[in-house]
Amino acid sequence: MGRPGVRAIGEIGLDTRTAWREVLARLVRSSADRLHVDPSLVTFIDVAGVTDLAVAARSLSGGRRIVVHRPPPQLARVPAVCRPELGGIEVTPWPTQ
């Protein structure tokens, strides 16, 4: 990616939840202001996986954000459902540069 971030592939559910949480925990420990998540190749994410992303975003302070690029529909709706409580997340397509 060339920037602090992760690319998720496949399913995020009961069998992969521990790994998903660990990846998000490592990501939020980064000192970067913008943390990138690319779930464009995720074929399924359950409610717990979406919640884990929201909890990770909520743990950020000082204007830091998780930027979710090209999300599946389940994740694309997270900011609309959680705002204003969840200010640490934004959804955007990948930059064309």
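Where is the place of Arg70? I looked this up before anything else, keeping in mind that the model is predicted. Arg70 sits in the loop between β3 (65-69) and α3 (73-76).

**Entry on Arg70**

I checked the backbone here. Arg70 is not a glycine, yet its phi is positive, at about 45 degrees. I then looked up its accessibility.

**Entry on the chain as a whole**

I listed the elements next. I found four helices and four strands in the chain. Read from the N terminus, they follow the pattern β-α-β-α-β-α-α-β. The chain has 97 residues, and 39% of them count as buried. I also looked at contacts between residues at least 6 apart in sequence; 73% of these join residues at least 24 apart.

**Entry on the sheet**

What is the order of the strands in the open sheet? I read it as β1-β2-β3-β4, four strands with parallel pairing. The edges are taken by β1 (5-12) and β4 (89-92); each has a single partner strand, so one side of each has no neighbour in the sheet. From one strand to the next, the twist averages 25 degrees.

I went through the pairing of β2 (residues 34-45) with β3 in more detail. These two strands pair in the parallel sense, over four bridges. I noted two of the residue pairs: His36 stands opposite Val67 in β3, and Val37 has Val68 of β3 as its bridge partner. For background, strands of a sheet pair through backbone hydrogen bonds, either parallel or antiparallel.

Is β3 largely enclosed or largely open to the outside? I found four of its five residues buried, so β3 is largely enclosed by the rest of the structure.

**Entry on helices α1 and α2**

How far apart are the axes of α1 and α2? I have 10 Å for α1 (residues 17-29) and α2 (residues 47-58), with a packing angle of about 15 degrees. That makes α1 roughly parallel to α2. I recorded the crossing of α1 past α2 as right-handed.

I then listed the residues that make the contact. On α1 they are Arg17, Trp20, Arg21, Leu24 and Val28. On α2 they are Ala48, Gly49, Asp52, Leu53 and Ala56.

**Entry on Arg17**

Arg17 lies in helix α1. Is Arg17 buried or partly exposed? I have it at 25% relative accessibility, so Arg17 counts as partly exposed.

Which residues does Arg17 contact, leaving aside its neighbours within four places in sequence? I found Ala48 and Asp52. For Arg17 and Asp52 I also noted the separation: 35 residues in sequence, and 8.7 Å in space from C-alpha to C-alpha.

Key
Residues numbered from 1 in each chain as written. Predicted model: local features only at pLDDT ≥ 70, side-chain atom pairs only at ≥ 80, totals over all residues. Heavy atoms only, no water. Axes fitted to C-alpha atoms, helices over the stretch in contact; angles between N-to-C directions. Parallel < 35°, antiparallel > 145°, perpendicular 65-115°, else oblique. Left-handed = near helix turned anticlockwise from the far one by under 90°. Contact = heavy atoms within 4.5 Å. Pairing = 2+ DSSP bridges. Buried < 20%, exposed > 50% of the residue type's maximum accessible area, 1.4 Å probe, protein only.
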